[in-house]
Amino acid sequence: MLDRLYCSFVSAKTAFVNRMREEKGSHTVEIVIFIAIAVGLAIIFRNQIAKLMGNIFKSADKAATDLSEGTVEKFSGGIGG
């Protein structure tokens, strides 16, 4: 009885190890495909991304300039405001 159980355990362990060896490189392929898709989307939407980033940096620059000049308006909205 124990021999049969041991053989089943060894068989399952061997099958598991073989399965892990087969899938070892699959994660690399998935990562490469993901990067290729991201680069493709960045190329397709580069103008929109450039505009968005430009607006974000302009907004941040204006906020920093206002803060350094002391011209920041007090926020009157929000919780308890």
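Student: What should I know about the model before reading it?
Tutor: This is a predicted model, where local features need pLDDT of at least 70, side-chain atom pairs count only at pLDDT 80 or more, and totals for chains, interfaces and linings use all residues. Residues are numbered from 1 along each chain as its sequence is written, and side-chain values use heavy atoms, with hydrogens and water left out.

Student: How many helices and strands are in the protein chain?
Tutor: There are three helices and zero strands, giving the pattern α-α-α along the sequence. Both kinds of element are DSSP runs numbered from the N terminus: helices are H or I with at least four residues, strands are E with at least two.

Student: How does the span of H3 compare with what it should be?
Tutor: The two agree: its 24 residues should span 34 Å, and its end C-alpha atoms are 34 Å apart. The expected span is 1.5 Å times one less than the number of residues. After H3 comes Gly70, with a positive phi near 75°.

Student: Switching to the surface, what percentage of the residues count as buried?
Tutor: Of the 81 residues, 1% do. Buried means under 20% relative accessible area, exposed over 50%, and partly exposed in between (1.4 Å probe, protein chains only).

Student: Which helices supply at least two residues each of the nonpolar patch?
Tutor: Helix H2 (26-44) and helix H3 (46-69). The patch has about 1,000 Å² of accessible area together, and its members include Val29, Ile44 and Phe57. Ile44 lies in helix H2 and is exposed, with a relative accessible area of 59%.

Student: And how many salt bridges are in the whole structure?
Tutor: A search finds one, joining the side chains of Lys62 and Asp66 at 2.9 Å, N to O. A salt bridge is a side-chain nitrogen of Lys or Arg within 4 Å of a carboxyl oxygen of Asp or Glu.

Student: Where do Lys62 and Asp66 sit relative to each other?
Tutor: They are four residues apart in helix H3, so about one helical turn separates them. Lys62 is exposed at 52% relative accessible area, whereas Asp66 is buried at 19%.

Technical notes: Patch = residues over 30% accessible without salt bridge, like charges linked within 9 Å, V, L, I, M, F, W, Y side chains within 5 Å. Areas by Shrake-Rupley, 256 points an atom, 1.4 Å probe, with all protein chains shown as cover.
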